[in-house]
Amino acid sequence: WGGRALLKATMSLLMKLTAPLARAYKARVGKQLAQYGLKLDDVVTPTPDVMAALKKLTPEQMSDRNKRIKRAIDLQVKKTYLAEEVQALQKPFEGYLDYKKEKALMHEKLTYQ
């Protein structure tokens with residue numbers, strides 16, 4: 001076994017072992033976000049690229065985001081969750097921020113200045 005082949009085999013095995021854990025974790029996070037009516041992009045760490053992406057949101061998108069966050073805070077203070085039928089309608093992994101693109105653009109600007 002060469003070094004690359006061993007590394008590839010090890011990575012493959014790790015992926016097979018961790019995939020079920022990753023799926024379970026994603027399901028848990030999705031459920032927690034849905035309980036409060038949030039999307040993953042609502043709770044992402046505000047790095048410079050995320051902040052740049054937020055500035056590019058339409059007024060409607062920003063309003064929707066702010067409403068979701070305010071509702072989540074209200075629910076948390078009241079120690080309650082959205083109704084089950086409302087939770088079922090949530091799409092917590094439906095993104096609206098293009099911060100990965102912003103990160104690439106920021107990196108490009110720094111690289112070619």
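Here is a quick look at the salt bridges and one surface patch in this predicted model.

Local features need pLDDT of at least 70 and side-chain atom pairs count only at pLDDT 80 or more, while totals for chains, interfaces and linings use all residues. Residues are numbered from 1 along each chain as its sequence is written, and side-chain values use heavy atoms, with hydrogens and water left out.

The structure has 3 salt bridges (a side-chain nitrogen of Lys or Arg within 4 Å of a carboxyl oxygen of Asp or Glu).

| Salt bridge | N to O distance |
|---|---|
| K39 and E94 | 3.3 Å |
| D42 and R68 | 2.7 Å |
| K78 and D74 | 3.1 Å |

Take D42 and R68, which meet in a salt bridge. D42 sits in the loop between helix 1 and helix 2, and R68 in helix 3 (residues 59–77), so the pair ties together parts 26 residues apart in sequence. Helices here are DSSP runs (H or I, at least four residues), numbered from the N terminus. D42 is buried at 7% relative accessibility, and R68 is buried too, at 12%. Buried means under 20% relative accessible area, exposed over 50%, and partly exposed in between (1.4 Å probe, protein chains only).

As for the remaining pair, K78 is exposed at 54% and D74 partly exposed at 35%.

Over on the surface, L7, M11 and L14 make a nonpolar patch with about 290 Å² of accessible area together. Patch members have over 30% relative accessible area and no salt bridge, with nonpolar side chains (Val, Leu, Ile, Met, Phe, Trp, Tyr) joined within 5 Å and like charges within 9 Å. L14 belongs to helix 1 (residues 3–36).

How values were computed
Accessible areas come from the Shrake-Rupley method with a 1.4 Å probe; for residues, only the protein chains shown count as cover. Helices (H or I, at least four residues) and strands (E, at least two) are DSSP runs, numbered from the N terminus.
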